[in-house]
Amino acid sequence: DDLLNARSAAGRALLTGGVLLVLLGFAHGAYYAAAYLYQHEARDYNLLSGMSSSATTQNSAGVNQALAGYGQLQGEKAVNIAAHAHVIEFGILAMILGFFQPYVSLSDGWKKRWALVLLAGSALLPICVLLELKYGLLAGGVADIGGLLVIIAMLAMWIGILRYTGELDAGLAVGGGLAAKVTDTGARNRSKRLLIAGGIALACVGMTYGLWYAVFAEHQALDAIGASLASSFSAAAQRDTAAVESSLLQYREAKYRYDRQVDVHGHWVGLALLLVILGIAADRVAFSERLTYLLSMSILLGATLFPTGVLLQTWSHDSLPRAIAITGAGLAILGLAGLTAGFSRSEAMPRE
């Protein structure tokens, strides 16, 4: 409990900044819902209706105009959804990081600097994502810089955790207080470090992939989806059945890859946050340390393999990528089920 009670400058900055980011995300979501959500839904229906009508009357110009409007609408919806989701996720991440700053074995000055770097990047990315419709690639490039700042700050904290030697759990003075003495400090610390360090490493991988995807692949994927959809409607307007089928097959393949690439990014980061939370709570698992460590390893392996298997499906439709994803999901579920039982027990098993 002393871990959660610590009030270092870095921890206060991360908790305060994290709550503020979540507040901004909620405020933006409320504003978007009130001002644009229903309007966008109506435009979506009207544009699709216009495409169908133009295709029926063989009006290629009408189809192209409706498709252009539909693409613009999807862009507006995408940047608002992305900004809303990212600012809240970064806020939650900052709050979680604020709880375990005593485990980051860096000087107080550097911990505070890295906390401020992370908060700056967390605010810069969603704000610039919103500005992409107005300023284009310039705003997108600045948003990518914000993401890079978050990754660098998290890597610095990850290094600090790897340097941690267990002084907090061993009962040494921390932040003016005395941590409670635990009999299995070294062993229990293994599970904590595995989950927290593994979670941050996984978050860095997920964010790095998201950064790479935004810079080198996202626009190309969206262009391929839009072009194949446009071709299918244009071919339908010209009554070219073969071209319609070919274009729709291209659309299905492009959408298949796009959905999995987005899912990989979201799952890696989401599972990383879960690992860090479980690491903070590892002392409350009422199992032997050996069993707790095995369950923690199962979750970490599952959290790594599941998104990896999904990502491999973008290159191959064979059974192996699906098997990897299924194995990862199974390991994560098994580990979570075990920790659920451990948290529910009133008394701990004997330590080993």
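1. How much space lies in the largest pocket? In this predicted model, the largest pocket holds about 1900 Å³ of space. Its lining counts 50 residues, and those closest to the pocket centre are Ala 78, Ala 82, Glu 218, Leu 222 and Tyr 258.

2. At least two lining residues come from each of H3 (60-99), H4 (108-130), H5 (132-135), H6 (137-162), H7 (185-216), H8 (218-237) and H9. Helix H3 gives the largest share of the lining, with 16 residues. By residue class, the lining of the largest pocket splits into 28 nonpolar, 15 polar and seven charged.

3. Searching the whole structure turns up one cavity of 30 Å³ or more, and the volume of the largest cavity is about 30 Å³. The residues lining the largest cavity are Tyr 103, Ile 161, Tyr 164, Asn 189, Lys 192, Arg 193 and Ile 196. Helix H7 provides the largest share of this lining, four residues. Four residues of the cavity lining are nonpolar, one is polar and two are charged.

4. Next, the pairing of H9 with H10. Helix H9 covers residues 241-280 and helix H10 covers residues 289-312; the two pack at an angle of about 175°, and their axes are 9 Å apart. Because angles over 145 degrees count as roughly antiparallel, H9 is roughly antiparallel to H10. On the H9 side, the contact is made by Arg 260, Val 264, His 267, Trp 268, Leu 271, Leu 275 and Leu 278. On the H10 side, the contact uses Ile 299, Leu 300, Ala 303, Thr 304, Phe 306, Pro 307, Thr 308, Val 310 and Leu 311. Sorted by class, the residues of the contact of H9 with H10 are twelve nonpolar, three polar and one charged.

5. Leu 194 is a residue of helix H7. Is Leu 194 buried or exposed? Its relative accessibility is 15%, and buried means under 20%, so Leu 194 counts as buried. Beyond its neighbours within four places in sequence, Leu 194 is in contact with Gly 199, Tyr 293, Ser 296, Met 297 and Leu 300. One of these, Leu 300, also takes part in the contact of H10 with H9. Leu 194 and Leu 162 are 32 residues apart in sequence, with a C-alpha to C-alpha distance of 9.6 Å.

6. Ala 153 belongs to helix H6. Ala 153 has a relative accessible area of 0% and is therefore buried. Which residues does Ala 153 contact, leaving aside its neighbours within four places in sequence? They are Trp 114, Val 117 and Leu 118. Ala 153 and Leu 118 are 35 residues apart in sequence, yet 5.4 Å apart in space, taken C-alpha to C-alpha.

7. Ser 247 sits in helix H9. With a relative accessible area of 8%, Ser 247 is buried. Not counting residues up to four places away in sequence, Ser 247 touches Ser 228, Ser 231 and Ser 232.

Conventions
Residues numbered from 1 in each chain as written. Predicted model: local features only at pLDDT ≥ 70, side-chain atom pairs only at ≥ 80, totals over all residues. Heavy atoms only, no water. Axes fitted to C-alpha atoms, helices over the stretch in contact; angles between N-to-C directions. Parallel < 35°, antiparallel > 145°, perpendicular 65-115°, else oblique. Contact = heavy atoms within 4.5 Å. Nonpolar A, V, L, I, M, F, W, Y, C, P; charged D, E, K, R; others polar. 1 Å grid on protein atoms, 1.4 Å probe; cavity = no way out; pocket = protein on both sides within 12 Å on 5 of 7 lines; lining within 4 Å. Points joined across faces, edges and corners; volume = space filled by probe spheres on them. Buried < 20%, exposed > 50% of the residue type's maximum accessible area, 1.4 Å probe, protein only.
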